[in-house]
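Biologist: I'd like to talk through this model with you. Can we start with the charged contacts?

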Amino acid sequence: MPSFGWHFALTLLVIASILKENERKKALMLLPFGILSDIDSFIGIHRATLHNVFVILLPTFALLVVKRRRKGWEKRGKYFFFASSLLALHVLLDAFHTGVFLLYPLSKESYDFKFWLGVNEKGLSVSFGCEKPGEVVYVTTPSPAVPEVPLVNDGVELVAMTAALVVFAAKFIPRKEQ
């Protein structure tokens, strides 16, 4: 399963690649959306409570509410969609690693996307599929004493997270002009 480190690193890199240097505050406000879904390790059912399409669409619904009540929403509208995209990226990454409950609480079926990219004797091969195994045994109500989400699994992940932090800081930390 992708750990906190991979989710955090990818969130940092995506934000740094899309937002402009003068959007520092917005970048910091969007950071939690890339890792927010893993809070369900401590409340509810991991990969179900906050790993579904309804949670992904919450920022978009919030935009509709803001649109009706305030003027000037057009300037901020893209950030609501960007927040939804970061949530979707998180859920998609987890969907490729043992599955997620995309329609929870309406459905208790886990969706596990399979993707394989490799080289064989005929050249590059790509495979994609989706399995619906039903209820997954590993999904239980976690206890706060044993978190389900590791911070960093290995050295490669630590290097990726460190590199992403450096890229993010290089883009958004203000420089002194000479």
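Biologist: How many salt bridges does the structure hold?
Modeller: This is a predicted model, where local features need pLDDT of at least 70, side-chain atom pairs count only at pLDDT 80 or more, and totals for chains, interfaces and linings use all residues. Residues are numbered from 1 along each chain as its sequence is written, and side-chain values use heavy atoms, with hydrogens and water left out. A salt bridge here is a side-chain nitrogen of Lys or Arg within 4 Å of a carboxyl oxygen of Asp or Glu. By that rule, the count of salt bridges is 2.

Biologist: Is Arg-47 buried or exposed?
Modeller: Buried means under 20% relative accessible area, exposed over 50%, partly exposed in between (1.4 Å probe, protein chains only). Arg-47 has a relative accessible area of 0%, so Arg-47 is buried.

Biologist: And which residue does Lys-78 meet in a salt bridge?
Modeller: Lys-78 is in helix α5, and its partner is in the loop between α1 and α2, 55 residues apart. The N to O distance is 3.5 Å, and the partner is Glu-23.

Terms used: Helix = DSSP H or I, 4+ residues; strand = E, 2+ residues; numbered from the N terminus.
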